[in-house]
Amino acid sequence: MSNLAVLPIILPFLAGILVAFFHKNLIASRIFSIIATMLHLALTIFVFLNVQESGSYVLEVGGWEAPFGIVIVADPLSSLLTMTTAVVAAAAVIYAPKSLSRIQEEFYFYSFFFLLIAGVNGAFLTGDLFNLFVFFEVLLMASYGLIVLGNGKAQLRESLKYILINLFSSMLFVTTISFLYSVVGTVNMAQAAERVGEVEQQGVLTVIGILLFFVFATKAAVFPLYYWLPSSYTVPNAVVSALFGALLTKVGVYSILRTFTLIFNYEVGLTHTLFIYLAMFTMIFGVIGALSTNNVKLIIAYNVIPAVGFMLMGIGIFTETSIAGSIYYLVHDMIIKAVLFLLIGAVTYAAGTSDLKKMGGLIHHYPVLGWMFFLSTLVLAGIPPFSGFIGKLLLLQGGLNQEEILIVIVALISSLGILFSMIRIFIGGFWGAADIMELPKQKPSLGAMTWPIGILLSLSILLGVGAEMFYPAVSSIADYVMNPELYIESVLKE
Amino acid sequence: MEIVMSVLAGLLFMTGVYNLLQKQLLRIVIGTALVSHGAHLTILTMGKLKEGAAPVLTDGVENYTDPLPQALILTSIVISFGVTSLLLVLAYRASKINHTDNMEKLRGNDYE
C-alpha cells in the first residue's frame, strides 16, 4: 500500500506527457485533462482519508532503506495539501478553455499545467531535502513555460525577472543543502532532524536554518523578498495567475512550516521571533501595495503577500493553536486565492480593461459575478462565519496566549486594509449606473467561467460554516506537526 | 585542498554576482551560469575531498570516496544546464520583442 504515496506525483506527470502527443486536438486534450484531474482529485481524497485513518505512508524509492535512499512521505499535512491542490487544479482546468486563447491552449498549456501539479505535489510529499530542490525545479520549469505562454511583450519582460530571481534562490538552496550535508552528513529530513536534535542545534546549524529560510522566503514572498511577485503574477493569463497565486507561494510556506517544525526547532527564541517580525512587515507592505494601485489584477496579486504574513505569523508564534491556525489558513488561502484570480480574470474579460477607473456598473450586466465577488471579499477579509475568520481566530488566539500583542494588532489592522482594498474593486467596478461603461453590443458571455468559481467559493464557505466538522482534523494535524518525533519514527522506523 | 576549492567557489560566486548586477542581459545570463558553477563546486567540497577507490564494495579496499555529493552535483548540473538554455532563448526573444537588452529599460508600467 505504500505505493499510494507516490501516485499523486506520478498521475499528473504521466498525464502531462500523454497530453503532449495530441496537443493540436483541443477537444480531445480538454476531455483528457478533465478526466485526469478528476481521477487525481479522487486519488488524493482517497490517500488523505487513508492517512487519517491508518497513519502515514512511507515509500522508500527503489527499495533503498530510509536514510540512504529517497523517501516519499504521505503524512497528514502533506496529504491534506495535495488534496487542496487537486481541488484547485480541477477548477482551473474547467475554467481554462474559456480564458485561454486557442494558440495558448494548443501550445502545451495542459502539459505545463500537469507538470506544475506534479512538481507541487512532489514538493509536498518528499521527505528528502535535495529531492525537495528537484521538485522545486520541476514546478519552476513548468511555471516558466506557463508564464511566457502567449509570448506577449510584458510577459517576456516579467518572466525574465521571475526566472532570474528563482534561479538565484535555487542556487542558494543547493549551496545551503551542501552546507547542511557537510555538518550533519545527510539530506534525509528525518535523519537530519534527529542529528540536529542530538547536538541541540549549535551555532552553525542555526545559520544554515536561516539561510534555508531565506530560500523558502523568496519562493513564498516574505517581506524583504516579495518585490518580484506582483508584476510577474499579473502578466500571464488568469488561469495561470490563479495556479501561481494558489499553489506556488504556498509551497514556500509549506517548506518553512516543515523545516522549522521538524528540523530547526531548538532555537525558537531566535529564529521564530525573527519570523514574527518578518510576518508583521509582510502584512504591512502587502496591504500598502494593495491600496496603492488602480489595476485590479495588481490589487489581487498584492493580496497574496499579507496572506503569507498570516501563515508565517502562526509558524513564528509556534504553539499548537497557532500552527493549527496556519494550516487552516493555508488551506483556506489556496482555495480563496484561486477564486479571486479566476474572478478577476472573468471581470477583466467582461469589462475589457483592468483599470479600475474605467470600470463601473458591472453588476447590472453580470449580477452573479458581482455577488460572487462580494462573497469572496468577505471570505478573504475574514468576516465571520467564513473560513478566513476561523484561521485568523486561531492565529490571534495563539498570539494572545503567547502575549505577542504587537503582531495581533498589526494582523487586525491589515485585515481591515485587505477588506478595504477589495471593497474598492467592488465599489469602483460593480456599483454605479448601468451605462457608465461602454460594453460591446454583444456582451461577452461568461458561461463556463462562473461555475468552477462557484464550486470553489461554496467549498470555501463550507470550510468556514462547517468549521466544527473540519477543525478536529486540522487540530490533529497541528498536534502531529508539533511532535516531530512522530514523523521521524514513521520514516526511520526505529 | 578544501580551502583552495572553497576560495575558488567564492571567486565564482563573486564574479557571478558582479555580472548579475549588470544592465546587459547577456552578462546577467553569464552571471547565473557562474553562480551555479560556484554552487556545484561547493557541493563537491562540502562532502570532503576524500581520496579512495570508487564506492563499490570490493575486498581489501578501506577508503571509499563519498558518492552522494557526486550524485547531487550531477542532478544539479543537469538542472542548471536546462534553465540556462531556456534563459538564453528567452533573453533573445525578450530583447527582440522589447527592442532592448538593457534591464533599466525593461521596467514596464502599470497598465498592460
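Helices here are DSSP runs of H or I with at least four residues, strands are E runs of at least two, and both are numbered from the N terminus. By that rule A:Tyr108 lies in helix 4 (residues 102–125) of chain A.

This is a predicted model: local features need pLDDT of at least 70, side-chain atom pairs count only at pLDDT 80 or more, and totals for chains, interfaces and linings use all residues. Residues are numbered from 1 along each chain as its sequence is written, while chains are lettered from A and ligands numbered from 1 in the order in which they are written.

**Chain A overall**

- Chain A holds 20 helices and two strands.
- Its radius of gyration is 22 Å, close to the 23 Å from the globule rule for 494 residues, so chain A is as compact as a globular protein of that length. The radius is taken over C-alpha atoms, and the rule is 2.2 Å times the number of residues to the power 0.38.
- The C-alpha trace of chain A spans about 70 × 55 × 45 Å along its principal axes.
- Of the 494 residues in chain A, 60% are buried. A residue is buried if 20 or more other C-beta atoms lie within 10 Å of its own, exposed if 12 or fewer, and partly exposed in between, with C-beta atoms placed from the backbone.
- Take the contacts in chain A between residues at least 6 apart in sequence: 81% of them join residues at least 24 apart. Two residues are in contact if their C-beta atoms, placed from the backbone, lie within 7 Å.

**Helix packing in chain A**

- Helix 3 (residues 76–99) and helix 19 (residues 467–482) of chain A pack at about 135 degrees, with axes 9 Å apart. That angle makes helix 3 of chain A oblique to helix 19 of chain A.
- From helix 3 of chain A, A:Pro76, A:Leu77 and A:Leu80 make the contact; from helix 19 of chain A, A:Ile477, A:Tyr480 and A:Val481 do.
- By class, this contact has six nonpolar, no polar and no charged residues.
- Axes are lines fitted to C-alpha atoms, for helices over the stretch in contact, and angles run from 0 to 180 degrees between N-to-C directions.
- Angles under 35 degrees count as roughly parallel, over 145 as roughly antiparallel, 65 to 115 as roughly perpendicular, and the rest as oblique.
- Ala, Val, Leu, Ile, Met, Phe, Trp, Tyr, Cys and Pro count as nonpolar, Asp, Glu, Lys and Arg as charged, and the others, Gly among them, as polar.

**Backbone points to check in chain A**

- The peptide bond from A:Pro384 to A:Pro385 is cis, with omega near 5 degrees. A:Pro385 sits in the loop between helix 15 (367–381) and helix 16 (387–401) of chain A.
- A:Tyr108 is not a glycine, yet has a positive phi of about 65 degrees. A:Tyr108 counts as partly exposed, with 18 C-beta neighbours inside 10 Å.
- A:Glu403, also a residue other than glycine, has a positive phi near 60 degrees. A:Glu403 is in the loop between helix 16 and helix 17 (405–430) of chain A. A:Glu403 is exposed, with 8 other C-beta atoms within 10 Å.

**Chain B against chain A**

- The contact takes 27 residues from chain B and 28 residues from chain A.
- On the chain B side, helix 2 (25–46) and helix 3 (67–98) each supply at least two residues. Helix 3 of chain B gives the most, with 13 residues.
- By class, the side of chain B that touches chain A has 16 nonpolar, eight polar and three charged residues.
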